[in-house]
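Me: Please take a close look at one part of this model, the aromatic residues and their surroundings, and explain in a connected way how that part relates to the rest of the chain.

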Amino acid sequence: MKSSRLPIQSAPVERTITGAAVSNGNGVDPSFDWGGLLKTVGNVAATALPAVLGAI
């Protein structure tokens, strides 16, 4: 009998994190805090804009 040179395959591995909150089956949470982003950008602009205008 001829033996195969392929390695023996192991059992499939479960690739989910135990205890993690997952919103859907693929593990991707589509939510994003747009309000927080806009607030941060506004704060940076309010802080940097006077300095930039003062330097001109």
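Reply: A patch, as the word is used here, is made of residues with over 30% relative accessible area and no salt bridge, and nonpolar side chains are joined within 5 Å. In this predicted model, Phe32, Trp34, Leu37 and Val41 form such a nonpolar patch on the surface, and together they have about 440 Å² of accessible area. Trp34 belongs to helix H1, which covers residues 34-55. With a relative accessible area of 58%, Trp34 counts as exposed because this value is over the 50% that the term requires.

The structure holds one aromatic pair. Its members are Phe32 and Trp34, whose rings lie 4.8 Å apart from centre to centre with 65 degrees between the planes, so the pair is classed as edge-to-face, the term for planes over 60 degrees apart.

As for the helix that holds Trp34, H1 has 22 residues and reaches 31 Å from its first C-alpha to its last, which is close to the 32 Å expected at 1.5 Å a residue.

The protein exposes about 5800 Å², of which carbon and sulfur atoms supply 63%.

Methods: Residues numbered from 1 in each chain as written. Predicted model: local features only at pLDDT ≥ 70, side-chain atom pairs only at ≥ 80, totals over all residues. Heavy atoms only, no water. Patch = residues over 30% accessible without salt bridge, like charges linked within 9 Å, V, L, I, M, F, W, Y side chains within 5 Å. Areas by Shrake-Rupley, 256 points an atom, 1.4 Å probe, with all protein chains shown as cover. Salt bridge = Lys/Arg side-chain N within 4 Å of Asp/Glu carboxyl O. Helix = DSSP H or I, 4+ residues; strand = E, 2+ residues; numbered from the N terminus. Buried < 20%, exposed > 50% of the residue type's maximum accessible area, 1.4 Å probe, protein only. Phe/Tyr/Trp six-rings, centres within 6.5 Å; stacked < 30°, edge-to-face > 60°. Expected span 1.5 Å × (residues − 1).
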